[in-house]
Amino acid sequence: MHVFRQVCATIGCALALCGVVSAEAVTPEILQYRLERLYFSAGTESLVFPGCRFVVMRDDAAVAEGVIESALPGVAVSETGVTLSDTIGLSEYTVTVDTYRVDSTSSIAIGQAIGPWFDLAIAPVGDTGLVNRVTVDSYGFGDRARERMLFDFERGMLHGCFSYRAPVVSGERVQHVSAAAPWMVVLVPNVSREVNREGFLTTALYYAFDSGKLPLLFNGTNLRAVTSFVPAVQSSRPYPYDQAASGELLSRILGPNGAVTIGITDPSLRRTAGYFADILGREGVRTSVSNDLDESDCYLAFAPYDLYNDGYTLRYITRRLHEQFAESASVYEGLAIARSHLEQARNRADSSSRVGLLRMVNTRLIEDIGVFPLFRPTIHGVFAAPVTDIAVDQFDRFTMHQLSLLIPPPYMRDGAQ
């Protein structure tokens with residue numbers, strides 16, 4: 001089992017409200033007393049959650065007590081049935097509310113059923129002197145792997161888990177988080193195969209690609225269609241959806257007894273390959289799916305999403321294409337021009353000039369070579385109630401290095417009387 005270890009930042013818990021009497025209690029103000037309920041000026045930001053006890057004091061004497069029923073950032077509400085005098089001002093009372101405690105030293109176990117690309121979804125940590133504390137274990141890919149991971153999560157063996165499908169997990173304060181994967185799915189011609197001499201095979205398949213049927217293409221939820229390799233170059237899809245044009249091109253390229261092998265670089269792309277195999281099958285083309293890219297006429301692959309708008313996706317794809325032996329001299333010429341433009345873009349300080357060069361490379365890859373962006377998966381995470389500080393950075397990466405555990409007051413723990 002592959003294990004990816006992420007370092008953890010030490011978390012200092014500094015409550016914004018004054019009046020902290022200990023690491024496990026706060027003394028907020030009473031905001032309101034209405035219908036036998038108390039509203040306190042401290043909530044989840046101060047680690048006050050449902051079930052925490054509170055005591056109301058006046059002149060060193062307890063006049064009311066109870067538990068928190070609901071809490072939000074900045075406010076917590078007691079259960080009904082609290083009785084206070086109508087003749088005494090709220091400012092004359094002092095309140096103590098128990099809080100959870102932050103544990104920033106214990107180990108945290110996370111599972112993922114995404115695959116090796118999941119490493120890109122984790123925000124890096126610059127301080128290498130911190131302690132390794134959060135462990136991410138890979139469960140492989142597929143429904144069985146995902147079910148096994150969720151079973152371990154529900155048994156308490158994992159503090160959280162990630163998959164392409166939104167987990168159907170419920171429970172008190174179970175937390176969900178999601179973000180677009182920092183990679184996209186692309187359709188790529190094997191430029192060394194004779195069938196791709198004119199670059200029309202993948203173009204024919206793209207004509208029949210219906211982005212409205214994304215749930216049929218991938219075993220995931222909340223998929224996002226992609227029409228460009230560069231986020232800064234937003235556009236409509238390169239070619240319109242046209243089944244008739246797809247059939248005409250396929251007939252022209254393959255003839256009456258055609259056969260196509262579609263390659264996949266990751267097991268999660270088998271359903272996507274099946275979608276394109278159905279397109280070919282409707283045109284009478286014999287189709288097979290293979291893990292051997294050298295024997296494939298075209299293939300489906302992941303490409304890192306260009307998070308920084310610096311042409312990284314384009315460089316990744318052109319490098320992969322350059323590694324193939326292309327029979328077509330025009331392909332080599334097109335790749336050489338694309339790589340030259342990318343190098344120029346890397347050295348351009350002017351944003352508009354750089355984006356213009358990236359736009360030309362984006363167009364060349366699609367129209368001249370037949371590489372097509374298809375969609376981005378979404379990564380879904382679910383975390384148990386004790387986990388805190390779950391966040392996503394500006395690049396849709398999970399910042400798991402600062403995860404901590406919330407420890408409830410002793411009377412709320414399992415087995416407490």
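The points below comment on a predicted model of a single chain.

1. Confidence. The mean pLDDT of the chain is 86, and 90% of its residues reach 70 or more. Residues 1-23 are the stretch to treat separately: pLDDT stays under 50 there.

2. Overall content. The secondary structure of the chain comes to eight helices and 22 strands. Of the 417 residues, 48% count as buried. The chain exposes about 19600 Å², and carbon and sulfur atoms supply 49% of that area.

3. Contact range. Taking contacts in the chain between residues at least 6 apart in sequence, 76% join residues at least 24 apart.

4. The six-stranded sheet. Six strands form an open sheet in the order S15-S19-S14-S18-S16-S17, and the pairing is mixed. The edges are held by strand S15 (224-225) and strand S17 (286-290). Each of these has a single partner strand, so one side of each is left without a neighbour in the sheet.

5. The S16-S18 pair. Strand S16 (residues 259-264) pairs with strand S18 (residues 298-304) in the parallel sense, over three bridges. In S18, Cys298 is the bridge partner of Ile262. As background, strands of a sheet pair through backbone hydrogen bonds, in either a parallel or an antiparallel sense.

6. The helix on the sheet. Helix H6 (residues 312-323) lies across strand S14 (183-189) and S18. The helix runs at about 145° to S18.

7. Glu343. Where does this residue sit, in terms of secondary structure? Glu343 lies in helix H7, which spans residues 329-346. Its relative accessibility is 41%, so Glu343 counts as partly exposed. Glu343 and Arg315 are 28 residues apart in sequence, and their C-alpha to C-alpha separation is 9.2 Å.

8. Thr399. Is Thr399 buried or exposed? Thr399 is buried, because its relative accessible area of 13% falls under the 20% cut-off. The residue is found in the loop between strand S21 (387-388) and strand S22 (404-407). Leaving aside neighbours within four places in sequence, Thr399 is in contact with Ala123, Asp389, Ala391, Val392 and Asp393.

Technical notes
Residues are numbered from 1 along each chain as its sequence is written. This is a predicted model: local features need pLDDT of at least 70, side-chain atom pairs count only at pLDDT 80 or more; totals for chains, interfaces and linings use all residues. Side-chain values use heavy atoms; hydrogens and water are left out. Two strands pair if DSSP finds at least two bridges between them. Helices (H or I, at least four residues) and strands (E, at least two) are DSSP runs, numbered from the N terminus. Contact means heavy atoms within 4.5 Å. Axes are lines fitted to C-alpha atoms, for helices over the stretch in contact, and angles run from 0 to 180 degrees between N-to-C directions. pLDDT is the predictor's confidence in each residue, from 0 to 100. Buried means under 20% relative accessible area, exposed over 50%, partly exposed in between (1.4 Å probe, protein chains only). Accessible areas come from the Shrake-Rupley method with a 1.4 Å probe; for residues, only the protein chains shown count as cover.
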